[in-house]
Amino acid sequence: MSKIPFIAVIGGVFALSLATVPPAAAQSAGDQATDPTFQPEAPAEDNSRRRLGRHERPRAAPRPTQPAAPKPEELVASAQVIATSAGVACQVTEASELGLTAAQEAAYEAACATGPGYILIASTPPQAIDCVLLSGQADIVRAADPAADVGQQCVLPANQNVVAVVQAYATEAGLDCTVDQASAIGKTDDDHLLYEVGCQSQDGYWLEKTPTGWTTTACWELLGRRTTCRFTSAETSYGAWKAVLAGTPAAACDVRQTRVMGKDSAGLTIYEIKCASGDGYLARVSADRHAQRIHTCAEAVNIGGGCQIGVAPAATTEDAPAAAAPTT
């Protein structure tokens, strides 16, 4: 809109206001103008702007005082109290608050100078939940359902290196293994913790934590029990039999299948092994994972039922067992 129409509108309003003044009021105004004793009242102070300013900018209400966040050393000290009370060997090096449990118990995640980290809960009695076990459980759940809720997990960077923790376990167990993959995989019937390790360029192992130390089972041994390792291929495990059979009549066997048959009176574990070609064997293996005695399938017909997966010579009429006499 241009300035000229705007001025015209204002003038029209002003003229209308003057036209509506009552005659008596107009006369009084004229008398006051001619009275020498008249003193006009001082115009009332216009406080509209100041009041408007106060209305538009109300004074801010004081904010409630927030408790100061705990310092890192305070978190470490609180987590250490729970870890010690829970009986875990953890020198806490870093800790974070996780909040309160449903029972209003304080919870922390703690990283330790050595070994696994923990989720620590100030319950009665205090609880310490191993981060490596939590991670292993999550792996198993996700393998069954990638979208599954795996629950609380450890997130501190120091608690993410499962391989380093389990490498220390493998070293304690006396394994010559450079661990490149690792996970907690559950518990035995005796409630012993189990871990699997993948070893760089060689057969892997299961580690079992017992009250007296560690026991180990090679993945090639597990294949004979119809159990497979996640971090070691069957080909690598069967290849490990070369070292087991070295120096025996079965040294040339390229193992393709195995079966555990049990133990003999000397405590040797008896395996049936199937080769890529030729006859199979029965091998009696000691606890140090070396074959002590070898039987061809032809020789093993009377040992635990004989070969079932190996290639045994076909029976002839001459060597067939005689029929049992009927009983009366």
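Reader: Why are E3 and E4 said to form a hairpin?

Author: E3 and E4 form a hairpin with five residues between them. E3 and strand E4 (residues 127–130) run antiparallel and are joined by four bridges. Two strands pair if DSSP finds at least two bridges between them, so E3 and E4 qualify. Strands (E, at least two residues) and helices (H or I, at least four) are DSSP runs, numbered from the N terminus. This is a predicted model, in which local features need pLDDT of at least 70 and side-chain atom pairs count only at pLDDT 80 or more, while totals for chains, interfaces and linings use all residues. Residues are numbered from 1 along each chain as its sequence is written, and side-chain values use heavy atoms, with hydrogens and water left out.

Reader: Thanks! What makes E2 and E3 a pair?

Author: Strand E2 (residues 106–112) and E3 share four bridges in the antiparallel sense, and Glu 109 stands opposite Ile 119 in E3. These two strands also form a hairpin with five residues between them, and Gly 115 in the turn has a positive phi of about 75 degrees.

Reader: Which way do the side chains of strand E3 point?

Author: In E3 (residues 118–121), Tyr 118 and Leu 120 point one way, Ile 119 and Ile 121 the other way. In a regular strand the side chains alternate between the two faces of the sheet. All four E3 residues are buried, where buried means under 20% relative accessible area, exposed over 50% and partly exposed in between (1.4 Å probe, protein chains only).

Reader: Why is the pair of Trp 220 and Tyr 271 called tilted?

Author: Rings of Phe, Tyr and Trp (its six-membered ring) pair if their centres lie within 6.5 Å; planes under 30 degrees apart count as stacked, over 60 as edge-to-face and the rest as tilted. Trp 220 and Tyr 271 are 5.7 Å apart centre to centre with 50 degrees between the planes, so the pair is tilted. The pair links distant parts of the chain, with Trp 220 in helix H7 (residues 219–223) and Tyr 271 in strand E10 (residues 269–275). Both residues are buried.

Reader: What makes a nonpolar core, and how many residues has the largest?

Author: A nonpolar core is a set of buried Ala, Val, Leu, Ile, Met, Phe, Trp, Tyr and Cys residues joined through side-chain atoms within 4.5 Å. The largest has 36 residues, and Val 166 and Trp 220 are among those with the most contacts inside it. Helix H6 (residues 162–172) gives the largest share, five residues.
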